[in-house]
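Q: Please take a close look at one helix of this model. Where does it sit, and what does it pack against?

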Amino acid sequence: MFDGVPQFEVSKDQLGQPAIEMFTTVAPVFPSKGEMRKMVQGGGVSLNKEKLTDQNRPVTSDDLIDGKYLLAQRGKKNYYLLIVK
């Protein structure tokens with residue numbers, strides 16, 4: 001199902017960070033924090049199919065799908081799978 005989707009491995013101890021850190025530093029979904037800020041303000045970022053409205057919102061274990069996955073979406077067609085180990 002996720003063939004061709006870029007995947008990143010993230011360790012469990014990195015959960016709890018703000019989304020902007022998770023998606024720029026931990027898993028490079030965005031090339032820069034500035035680009036992510038602009039896309040969040042424009043409504044172009046989703047976490048697990050829910051619009052992200054605050055780039056400083058912490059990404060926690062409550063966000064995990066099946067206890068180990070995060071699905072980040074940048075724009076309409078760019079998906080990224082984060083596997084938490």
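A: Buried here means under 20% relative accessible area. The model is a predicted one. By that cut-off, A19, I20, M22, F23, T24 and V26 of helix α1 are buried. That makes six of the eight residues of α1, so the helix is largely enclosed by the rest of the structure.

Now the helix pair. Two packed helices are described by the angle between their axes and the distance between the axes. Here α1 spans residues 19–26 and α2 spans residues 33–41. Their axes come within 10 Å and cross at roughly 135°. The two helices are therefore oblique to each other. The crossing of α1 past α2 is right-handed.

Which residues make the contact? From α1 come A19, I20, E21, F23, T24 and T25. From α2 come K33, M36 and R37. By class, the contact residues divide into four nonpolar, two polar and three charged.

Leaving aside neighbours within four places in sequence, N48 is in contact with D63, I65, L70 and L71.

How values were computed
Residues are numbered from 1 along each chain as its sequence is written. This is a predicted model: local features need pLDDT of at least 70, side-chain atom pairs count only at pLDDT 80 or more; totals for chains, interfaces and linings use all residues. Side-chain values use heavy atoms; hydrogens and water are left out. Axes are lines fitted to C-alpha atoms, for helices over the stretch in contact, and angles run from 0 to 180 degrees between N-to-C directions. Helices (H or I, at least four residues) and strands (E, at least two) are DSSP runs, numbered from the N terminus. Angles under 35 degrees count as roughly parallel, over 145 as roughly antiparallel, 65 to 115 as roughly perpendicular and the rest as oblique. A crossing is left-handed if the near helix is turned anticlockwise from the far one by less than a right angle, and right-handed if clockwise. Contact means heavy atoms within 4.5 Å. Ala, Val, Leu, Ile, Met, Phe, Trp, Tyr, Cys and Pro count as nonpolar, Asp, Glu, Lys and Arg as charged, and the others, Gly among them, as polar. Buried means under 20% relative accessible area, exposed over 50%, partly exposed in between (1.4 Å probe, protein chains only).
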